[in-house]
Amino acid sequence: MSLQPIVLRASAVKKAYRIARRALPILHGCDLELARGERLALMGPSGAGKSTFLHVLGLLDRPDSGHVEINGADAWSMGVDGRARLRNASLGFVFQFYHLVAELTAVENVLLPSLIGLNTFEFDRRRKELDGRATELLVRFGLKERLKHRPTQLSGGERQRVALARALFHDPPILIADEPTGNLDRETGEKVLELLFEEQARRQLSLLLVTHDERLAERCERVARMDAGRIQNGLRA
Ligand SMILES: Nc1ncnc2c1ncn2[C@@H]1O[C@H](COP(=O)(O)OP(=O)(O)OP(=O)(O)O)[C@@H](O)[C@H]1O
Ligand SMILES: [Mg+2]
């Protein structure tokens with residue numbers, strides 16, 4: 001067992017959705033540890049709560065109780081600005097359904113998060129540099145001829161490659177991917193995955209990957225299972 005430090009730790013995370021004034025409990029106290037450079041797969045049936053949990057871990061959705069620590073910092077106890085900074089510095093997130101901005105080109109989708117918060121002066125100054133870097137990444141991802149396409153002008157596999165480029169653009173140490181190939185045919189999905197694992201190795205990313213594919217899980221060092229809002233094997237042995 002490696003002695004790499006834990007970069008992402010969830011403890012006793014609970015969450016319910018409120019529908020018509022009734023609480024619908026989804027996460028029943030979930031624990032998870034991800035070590036530096038580790039590939040961890042999270043599997044489980046549809047509706048188990050995997051995406052809900054990932055959104056809490058990705059600092060996108062607040063839990064009702066429990067903690068998420070990123071490099072030891074208790075993210076949900078911080079203020080909004082501190083949490084946003086922590087998220088920008090630490091996390092990349094690939095969504096189950098791409099979540100690209102329809103009005104923007106591939107290049108613009110990739111660099112958009114890096115422009116948020118800049119004033120006009122900084123925006124103009126940095127735009128060119130960021131544009132160049134986003135283009136370079138998309139070219140590496142095989143999208144040289146698709147740089148100016150908008151999401152509706154891209155295939156599913158191309159969209160997910162743009163989404164992967166966006167998630168990696170700011171060079172986060174942790175990548176959270178929610179069934180990144182769930183909406184792709186097998187062949188297209190495999191191409192996206194090759195890219196994902198290649199980037200994991202190249203950047204020594206800590207990777208948390210939700211998948212329904214056992215063969216994919218085999219490429220990870222550890223597999224955690226989620227069923228009806230509870231996790232097995234979330235902690236390192
Ligand atoms: N915004 C919401 N409001 C109310 N209920 C929700 C909401 N989002 C999800 N749910 C419910 O929470 C449960 C868990 O959903 P979640 O998306 O986390 O499952 P999942 O494990 O990711 O499933 P899949 O494998 O199909 O993606 C589901 O029963 C779903 O209906
Ligand atoms: Mg899901």
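Visitor: What makes a residue count as surrounding ligand 1?
Guide: This is a predicted model. A residue counts if one of its heavy atoms lies within 4 Å of the ligand. By that test 14 residues surround ligand 1. The closest are S46, G47, K50, S51 and T52.

Visitor: How do you know that K50 makes a polar contact with ligand 1?
Guide: The limit is 3.5 Å between N or O atoms. A polar side-chain atom of K50 is 2.7 Å from an oxygen atom of ligand 1. That falls within the limit, so the pair is a polar contact.

Visitor: What makes S51 and A48 qualify?
Guide: For S51, a side-chain N or O atom is 2.9 Å from an oxygen atom of the ligand. For A48, a backbone N or O atom lies 3.2 Å from a ligand oxygen atom. As for cover, ligand 1 taken alone exposes 630 Å², and the protein buries 63% of that.

Visitor: Which elements give two or more residues to the shell around ligand 1?
Guide: They are β1 (6–19) and α1 (50–57). The largest share, three residues, comes from α1. By class, the shell has five nonpolar, seven polar and two charged residues.

Visitor: Why are β1 and β2 called paired strands?
Guide: Pairing needs at least two bridges. Eleven bridges join β1 to β2 (residues 22–35), so the two strands pair. They run antiparallel. One of the bridges links K14 to H28 in β2. In this hairpin two residues lie between the strands, and A20 takes a positive phi near 45°.

Visitor: What makes R87 a lining residue of the largest pocket?
Guide: A lining residue has an atom within 4 Å of a pocket point. R87 is one of the 20 residues that line the largest pocket, so R87 has such an atom. R87, N88, L91, P113 and H170 lie nearest the centre. The space is about 620 Å³. The lining has twelve nonpolar, five polar and three charged residues.

Visitor: How much space lies in the second largest pocket, and which element gives the largest share of its lining?
Guide: About 200 Å³. Of its 17 lining residues, T181, G182, L193, D213 and L216 are closest to the centre. The largest share, four residues, comes from α6. By class, six are nonpolar, five polar and six charged.

Technical notes. Residues numbered from 1 in each chain as written. Chains lettered and ligands numbered in written order. Predicted model: local features only at pLDDT ≥ 70, side-chain atom pairs only at ≥ 80, totals over all residues. Heavy atoms only, no water. Polar contact = N/O pair within 3.5 Å; in protein donor to acceptor, adjacent residues only side chain to side chain. Areas by Shrake-Rupley, 256 points an atom, 1.4 Å probe, with all protein chains shown as cover. Nonpolar A, V, L, I, M, F, W, Y, C, P; charged D, E, K, R; others polar. 1 Å grid on protein atoms, 1.4 Å probe; cavity = no way out; pocket = protein on both sides within 12 Å on 5 of 7 lines; lining within 4 Å. Points joined across faces, edges and corners; volume = space filled by probe spheres on them.
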